Every structure is written in C-alpha cells, then in structure tokens.
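Thanks, everyone. Let me put the model on the screen and walk you through it.

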Amino acid sequence: GRAEAATLSPGRERDLRAEWGAVIRARIERRKAYPPAAGSARGRVVVQLTVTSAGALRGVSVVQSSGVAAFDAAAVQAVRAAGRFPVAPKELTARNYTFTLPMSFAR
C-alpha cells in the first residue's frame, strides 16, 4: 500500500483522478435540473467541490458565476443532491481531493 502510493507517477495519479472525477461528474449531472426562475436563459457555472477519499462531500462553492443566481444555486444544489460519492481509487491516498466542474444550463 504505502510503497505503491509513494511510487505513483504524476501521470497515473492524474489518470486516476480523471477517472474518479468523471464518475463524480456523471452523478452530479444526473441530479442537475434547469431552474424555472431562469426562464429561457442559458448559462455556465463553474463550481469547485472537495470530496474525501471515502466519498463524502466536504464542500462546494461557485468559483465562476453564470451571472444568473438561479443557475448558480441549481449547480450547488445538484452537487449536494448527488449525496455520497464513490470512494477514491485505492492508489489515491490523500484525505481530500478538489475538483473544478463547469456546468452548463440550457432549455
């Protein structure tokens, strides 16, 4: 375990984070809902979320607003509604991982 983690190449770590991040993203996207208050507007929000290696959400925040409060709130709500995430691949040994996730909204 520890020796393997110590020899994890940056490329392999990036790949593992990307694979895990894709699963997290898919779970969030399934819970994303277009907010009725936005009318027929389109928008893109960028959120940052921190997930523990055990899959618990530690925090979420908007790092780039869409300019439409309803989209920003809907993006944060989608992350929170996703609930518990899958555990990190065993080779990823840090306590927490941060992901930046762009989310688009359109009718």
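Predicted model: local features only at pLDDT ≥ 70, side-chain atom pairs only at ≥ 80, totals over all residues.

One definition before we start. A helix here is a DSSP run of H or I, at least four residues long, and helices are numbered from the N terminus.

Now the overall layout. The protein chain has 3 helices and 3 strands. Read along the sequence, the order is α-α-β-β-α-β. The C-alpha trace spans about 55 × 25 × 20 Å along its principal axes. There are 107 residues in the protein chain, and 33% of them are buried. Now look at contacts between residues at least 6 apart in sequence. Of these, 76% join residues at least 24 apart.

Next, the strands. Start with β1, residues 43–52. Which strands does β1 pair with? One partner is β2, residues 57–64, in the antiparallel sense, over 6 bridges. The other is β3, also antiparallel, with 10 bridges. Let me point out some facing residues. Leu 49 stands opposite Val 60 in β2. Thr 50 has Gly 59 as its bridge partner, also in β2. On the β3 side, Arg 44 stands opposite Ser 104. β1 is mostly covered, with 7 of its 10 residues buried.

Between β1 and β2 there is a hairpin with 4 residues between the strands. Find Gly 55 in that hairpin. Gly 55 takes a positive phi near 100 degrees.

On to the largest pocket. Its volume is about 150 Å³. Two elements give two or more residues to the lining: α2, residues 10–31, and β3, residues 96–105. Which of the elements gives the most? α2 does, with 7 residues. The lining includes Arg 17, Ala 18 and Gly 21. Phe 99, Thr 100 and Leu 101 are there too.

Ile 28 lies in helix α2. Is Ile 28 buried or exposed? Its relative accessible area is 0%, so Ile 28 counts as buried. What does Ile 28 touch, leaving aside neighbours within four places in sequence? The contacts are Leu 49, Ala 78, Val 79, Ala 82, Phe 85, Leu 101 and Met 103. Take Phe 85 from that list. Ile 28 and Phe 85 are 57 residues apart in sequence, yet 9.4 Å apart in space, C-alpha to C-alpha.

Now the charges. How many salt bridges does the structure hold? The count is 3.

The pair I'll show here is Arg 12 with Glu 91, whose closest N and O atoms are 3.9 Å apart. This pair links distant parts of the chain: Arg 12 is in helix α2, Glu 91 is in the loop between α3 and β3, and 79 residues separate them. Arg 12 is partly exposed, at 35% relative accessibility. Glu 91 is at 18%. Buried means under 20%, so Glu 91 counts as buried.

The other two bridges share Glu 29. Arg 25 bridges to Glu 29, with the closest N and O atoms 3.3 Å apart. Here is where the helix definition comes in. Arg 25 and Glu 29 are 4 residues apart in helix α2, so about one helical turn separates them. Lys 32 also bridges to Glu 29, at 3.1 Å between the closest N and O atoms. Together, Arg 25, Glu 29 and Lys 32 are linked in a network of salt bridges. Arg 25 is partly exposed at 32%. Glu 29 is partly exposed at 29%. Lys 32 is partly exposed at 25%.

Last stop: Asp 72, in helix α3, residues 69–81. Asp 72 is buried, yet has no salt bridge. Where is the nearest side chain of opposite charge? That is Arg 44, and it is 10 Å away. A salt bridge needs the nitrogen within 4 Å of a carboxyl oxygen. So what does Asp 72 touch, beyond residues up to four places away? The answer is Val 45, Val 62, Ser 65, Ser 66 and Gly 67.

Methods. Residues numbered from 1 in each chain as written. Heavy atoms only, no water. Buried < 20%, exposed > 50% of the residue type's maximum accessible area, 1.4 Å probe, protein only. Lys, Arg positive; Asp, Glu negative; His and termini not counted. Contact = heavy atoms within 4.5 Å. Pairing = 2+ DSSP bridges. 1 Å grid on protein atoms, 1.4 Å probe; cavity = no way out; pocket = protein on both sides within 12 Å on 5 of 7 lines; lining within 4 Å. Points joined across faces, edges and corners; volume = space filled by probe spheres on them.
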